[in-house]
Amino acid sequence: MLTASAVNAQQSGNLSFLVDNGPQSVAVAEAWVAAFTEQNPDVSIDMEIRPGGGDGDNIVKTRLATGSMADVFFYNSGSLFQALNPTQNLLPLTNEPFQANIQDSFKSVVSAGGEVYGAPFAPAMGGGIFYNKPLYEELGLEIPKSWDEFMANNEKIKAAGKTAVIQTYGETWTSQLFVLADFYNVLAAEPDFAEKYTNNEAKFATSPAALRGFEKLQEVFEAGYLNADFGAATYPDGLRMVATGEGAHYPMLTFGIGAIQETVPDHINDVGFFAQPGDSADSNGLTTWMPDSIYVAKSTANPDLAKAFVAFIASPEGCDIRNEAVGATGPYMIAGCELPADVPPAVSDMLPYFQEGGNNAPALEFLSPIKGPALEQITVEVGSGIRSAADGAALYDEDVRKQAQQLGLAGW
Amino acid sequence: MTATTLGATGVVPALKTRRRSAYPGWFFLPAAIIYSVLFLAPTFASLYFSLTRWTLFDATFIGLDNFAQFFREPFLIQGLVNTIVYAVVTSGLKVILGMALAVMLTSQIVARGYLRSVIFFPVLVSTVGVGITFTVLMHPTAGAINETLAMIGIKGPGWLVDPRLALYSVAMVDVWKGVGLATVIYIAGLVAIPRDYYEAARIDGATKWQNFIYVTLPLSRPATATVITLSFIGGLRTFDLIWAMTKGGPGFASDTVASVIYKQYQAGFYGLSTAGNVVLFVLIGILVVPLTMFLNRKQGHE
């Protein structure tokens, strides 16, 4: 670390740094830029902001294709990263000294053609269910280990006159969690599902384990557990409702902890987290998401400075700055990065799944390059009773076929 | 497209001599360059890219596969139906309401000038702004519309979240926003009708209703043709308002051809979405060219 800092201190020049417009991303990026330029007074870094979602994907791809990408930029890892054509557009970071501290599981989702191209931008995430702790205490509920226990809890919450499950289809991406976060349970039942799915041999509609995710979505709707405004509510509404006890459960990725901390900080200690339960209490585990990553564009005019900045972000010092700026939201993928002692309960609830002997499995998008783009519309339909689970799964298989063909995969 | 080209060649011989005397040929060069660079080149490029699998980084020629895939889109048929329903509903209502408002605003009523500007005002506001505003007003539990209905004891529907209603809710907002323009076109058409016809009708003892049916309605046909053509094309291409209010949802309930195309583009299927644009271009041509010819022929008979 000492040598790395010594090298940093000699840097000079200009960099541009592109991040998405999420409040978390902007806040932490500003903190990193401030700290790095303080240590290197001869360096100036221009921050650029882009939208998230599909519009952001197109901005990133267009800028890469036209050679006008910022020197350092932030983007997804896994299947979306592969679509950037990394070997052509990105600077390899395989032999940078900082890579020695980064976990192999992360490197695997930012690698192409034998080279590593990224460094983690954030901690790892889990996909599961946020719950309101005071409501659980008030009603004397236990953390559910199986789907039946979860539904029994929901029944008690509904009987007490509360909203059992929060859904926020006003922002359609939030509707996918019951399907995506169920993947640990899919793998428990069919360990080779991801491989067969990529090879056009396994389908959501015909695999009973994979179909369960869609069925769960349908079950919570049909039981009448959802909030009255589920069709129009948005992601911030959902986080607020689960934090303040307006609703008991909100299926979401754990990065939501950061947003809760920011928008309803008084209630951060009222939110807990558990993995999405499967059919059997014996195999209970968490579906995990690798963090997004930072990359260096091949078109950069100042590769050494860009690499030094990435090394700074992927160092324990970078993690500390992140904790300071937006709080800790999960375990880091970088050796030497520690979580503060007083993490929010939702973070400490997810840690056991990551520790030695814990049960976790990566989400499907990190095991397969194929993720159909219309999943969020289909899950909205299944989750609001417009379409049955079986129909929805069959429709999603069609969507997946289109994606695979567009990627030019063999066997489709 | 064909109609205008034919029309243009028909006109050229008559203008030829006058044009040559006024301006030398190179005078048109800047316009020709701008037209080629900004219109012809992209048009032919998009025809080419619609035949490729295109990732922005490289394009693989795959023949007509994109068109085959586009027509296999599960929601294309529903999107087509939605597009046509939307175009018919919005242009129909704009004709009826625009006519009614124009008749009212050309009669001797109090505060006529003020009312004219009120009716026209929504035309001036940004479409996306209107969409976002109405999304808030139409929220199923906290929106002003349903809260107002609740005060008189009616439980309002989920305007934008009920799959049976969403498309029509957006269409109503489109009418609210666009009817001002239709009204202005009609006002222009109505004041151009010579007063003699009304005086002759008055001498014959015509009632107000007969005045409207036998004088106003037939003589405002050019205005009607303009309003129908403009709002029908606008309805077929509709995208911004749908996207701002429902993003084609809930699920796929209010998807139009344009939003289906945009979703392909968002998913990174650039060749596929380009193929969709070619299809939309042809579709608009197929529907609008006969419609325009029909409306213009009627007009000629008058």
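Which helix of chain B gives the most to the lining of the second largest pocket? Hold that thought while I get the housekeeping out of the way.

This is a predicted model, so local features need pLDDT of at least 70 and side-chain atom pairs count only at pLDDT 80 or more, while totals for chains, interfaces and linings use all residues. Residues are numbered from 1 along each chain as its sequence is written, chains are lettered from A and ligands numbered from 1 in the order in which they are written, and side-chain values use heavy atoms, with hydrogens and water left out.

Okay, confidence. The predictor gives the complex an ipTM of 0.83 and a pTM of 0.86. Chain B has a mean pLDDT of 86, with 91% of its residues at 70 or more; pLDDT is the predictor's confidence in each residue, from 0 to 100. Contact here means heavy atoms within 4.5 Å. Helices (H or I, at least four residues) and strands (E, at least two) are DSSP runs, numbered from the N terminus.

Back to the pocket. The answer is helix 14 of chain B, with 16 residues in the lining. The lining has 37 residues, and B:F39, B:N277, B:L280, B:F281 and B:V282 lie nearest the centre. Two or more residues each come from helix 1, helix 2 (29-49), helix 11 (221-236), helix 13 (257-266) and helix 14 (270-301) of chain B. By type, the lining splits into 26 nonpolar, 10 polar and one charged. For the record, Ala, Val, Leu, Ile, Met, Phe, Trp, Tyr, Cys and Pro count as nonpolar, Asp, Glu, Lys and Arg as charged, and the others, Gly among them, as polar. A pocket is an open set of points on a 1 Å grid over the protein atoms alone, where a 1.4 Å probe fits, with protein on both sides within 12 Å along at least five of seven lines; lining residues have an atom within 4 Å of a point.

Over to chain A, and strand 11 (residues 286-289). Both of its faces are covered: A:L286 and A:T288 on one side, A:T287 and A:W289 on the other, all buried. Buried means under 20% relative accessible area, exposed over 50%, partly exposed in between, with a 1.4 Å probe and protein chains only. Strand 7 (residues 125-132) of chain A runs antiparallel to strand 11 of chain A, joined by three bridges, and A:G126 stands opposite A:T288. Strand 13 (residues 360-362) of chain A runs parallel to strand 11 of chain A, also through three bridges, with A:L286 opposite A:N360. Strands pair if DSSP finds at least two bridges between them.

Next, a glycine. A:G330 sits in the loop between helix 16 (316-326) and helix 17 (345-354) of chain A. A:G330 counts as buried because its relative accessibility is 0%. Leaving aside neighbours within four places in sequence, its contacts are A:P123, A:A124, A:L339, A:V347 and A:M350.

Last, some backbone. Most residues other than glycine have a negative phi, and most peptide bonds are trans. The bond from B:G249 to B:P250 is cis, with omega near 0°. B:A111 has a positive phi of about 55°, and A:N85 has a phi near 55°.
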